[in-house]
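Visitor: I have a model open and want to talk through its packing. Can you take questions as I go?

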Amino acid sequence: MPLDPQAKALLDKIEQSGAPAYNTLSAQEARLLYDKASELAQGSPPVPQAVTALKIPGPVSELDALMYKPEDSDKLPILIYFHGGGYTIGSLKSHDCVCRTLCVEAHCIVIAVDYRLAPEHKYPAAVDDSFTATQWIANNADSLGGDAERIAVGGDSAGGNLAAVVCLKAREAGAPHLVHQLLIYPGTDMSCSFPSHKTFGQNYRLTNELIDWFYQHYFAPDSDIGHWLASPLNADDLSQLPPAFVLSAGFDPLQDEDKAYADKLEQAGVAVKYSHYEGMLHGFITMPGLFDKAREALSECAAELRKAFTT
């Protein structure tokens, strides 16, 4: 399938604008540019009944979070969401439209966690923050108006990686109990060795150079990037993990490792649904104001969450 016309129009517009590539900027400059671009692409997301700022105790310092509620009632299911951005950029602001949509359409509490970013905080800081936040939310679900028996984790790109790793850590620890993992074009193998990294590593936003820039910020030279805490695809055993919805994009260098992770989960006996958006780019889920397929994908994610919360 060719590149979606709406995606091509965006790429053409970016090229004509002369906007700098993120990997030519400092991390701080790239964060500002990414948040601004996300705001322009989000469209008009639905409006939850309430959006509340939270402070979650982290392993080093308090973590900012936003809690989205579809209604004022108790025992609502909870989705804990980790934003994408290569562990270096991205924020609560950049993924606000995703969280609002999933909250309203899946009829669940969404808690977006602002984990520490690189290069100020190297691997495994993001992992530690994500798992600690998940434990705290599970332990405090009742006071948050949630149902401790219906907690899912999810994220896109780097956030999808963190969601997958949190599920592995929760299984190893025996808690918390998670009912679903929503993995939106997740990074699952930090080696970048799958063929799609060559085929789609240029001209489609997430370039080889940008991935290198992210990983150089996040990982120290002596980091074991092959360990499952960084590359969940390398976990020896993926059994007894929560059911998963894995979403990938056709013009994305990560697509081969996404499919490989979905396949390995399924081979381990985990219930998996895999959905591939052939004409789309990496990062498209945050652009429902530009892409019809982004709205479609968000609705599909919400539908899968509703199923997970009712089974």
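Predicted model: local features only at pLDDT ≥ 70, side-chain atom pairs only at ≥ 80, totals over all residues.

Visitor: Which residues touch the most other members of the largest nonpolar core?

Guide: Phe82, Ile111 and Tyr261 do, in a core of 65 residues. Helix H5, residues 158-173, gives the most to this core, with nine residues.

Visitor: What does isoleucine 111 touch, not counting residues up to four places away in sequence?

Guide: Isoleucine 111 touches Leu54, Ile56, Ala65, Leu66, Met67, Ile78, Leu79, Ile80, Tyr81, Ile137 and Leu144.

Visitor: Which residues make the contact?

Guide: H4 supplies Ala126, Val127, Ser130, Phe131 and Thr134, and H5 supplies Leu162, Val165, Val166, Lys169, Ala170 and Ala173. By class, eight are nonpolar, two polar and one charged.

Visitor: Is valine 127 buried or exposed?

Guide: Valine 127 counts as buried because its relative accessibility is 4%, and the cut-off for buried is under 20%.

Visitor: What is valine 127 in contact with, leaving aside neighbours within four places in sequence?

Guide: Leu162, Val165, Lys169, Tyr218 and Leu229.

Visitor: And how far apart are valine 127 and serine 299?

Guide: They are 172 residues apart in sequence and 27 Å apart in space, C-alpha to C-alpha.

Conventions. Residues numbered from 1 in each chain as written. Heavy atoms only, no water. Core = buried A, V, L, I, M, F, W, Y, C linked by side-chain atoms within 4.5 Å. Buried < 20%, exposed > 50% of the residue type's maximum accessible area, 1.4 Å probe, protein only. Helix = DSSP H or I, 4+ residues; strand = E, 2+ residues; numbered from the N terminus. Contact = heavy atoms within 4.5 Å. Nonpolar A, V, L, I, M, F, W, Y, C, P; charged D, E, K, R; others polar.
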